[in-house]
Amino acid sequence: SWINTMEESGSTLSPDRDQPSDSPSPKDEVNASTQKHILLVEDNDADILLIREAIETANLGVTLQFVKDGEEAVAFLDRVGIDNTVSCPDLVILDINLPKLDGWQVLKHMRKNQRCKDALVLPVSTADSARDRERMAHLGANGYFKKPSDYSEFMKLGDVIRSLLKGN
């Protein structure tokens with residue numbers, strides 16, 4: 001399977017249930033060193049499906065995990081900061097307009113996290129504001145993807161992700 005989520009719904013991280021295994025299988029050990037880990041922070045179910053499809057279509061072979069709001073993203077990042085068995089994502093695909101805490105707050109918090117401060121971040125938004133792009137770049141984002149309404153344009157996200165991961 002090309003995708004891993006924390007649970008079937010993929011919407012929450014529960015410290016009680018989501019403890020990593022102390023003994024990975026041999027397959028996990030091989031994949032862990034080569035497979036990139038992406039954290040998707042997105043509250044829109046339709047966009048989650050499109051982003052997953054773009055990643056699958058691009059045949060990226062990544063581990064994808066997702067959370068549905070800014071508070072869950074911050075909680076995940078805090079957990080990474082204190083638990084060395086939880087790995088920092090190689091890339092965070094970050095919706096700007098999130099419930100509870102917005103993408104700006106999540107990115108600011110992430111850049112203060114010692115283990116994740118250098119992770120790649122790709123903000124995504126339905127807006128294509130030059131001000132948003134500049135503000136995200138100032139906070140250390142590695143690009144910007146405007147969510148298009150056209151399906152084939154949305155699928156180009158897979159190539160954007162590939163380019164970011166290869167540069168890392």
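1. Accessible areas here come from the Shrake-Rupley method with a 1.4 Å probe, and for residues only the protein chains shown count as cover. On that basis the protein chain of this predicted model exposes about 8900 Å², of which carbon and sulfur atoms supply 47%.

2. Because the model is predicted, local features need pLDDT of at least 70 and side-chain atom pairs count only at pLDDT 80 or more, while totals for chains, interfaces and linings use all residues. Residues are numbered from 1 along each chain as its sequence is written, and side-chain values use heavy atoms, with hydrogens and water left out.

3. The protein chain has seven helices and five strands (DSSP runs numbered from the N terminus, H or I of at least four residues for helices and E of at least two for strands), and from the N terminus on these run α-β-α-β-α-β-α-β-α-β-α-α.

4. Of the 168 residues in the protein chain, 44% are buried, that is, under 20% relative accessible area with a 1.4 Å probe, protein chains only. Strand 2 (residues 63-67) is largely enclosed by the rest of the structure, because five of its five residues are buried: T63, Q65 and V67 cover one side, and L64 and F66 the other.

5. Strand 1 (residues 37-41) runs parallel to strand 2, joined by five bridges (pairing requires at least two DSSP bridges), and V41 stands opposite V67.

Note on methods:
Buried < 20%, exposed > 50% of the residue type's maximum accessible area, 1.4 Å probe, protein only.
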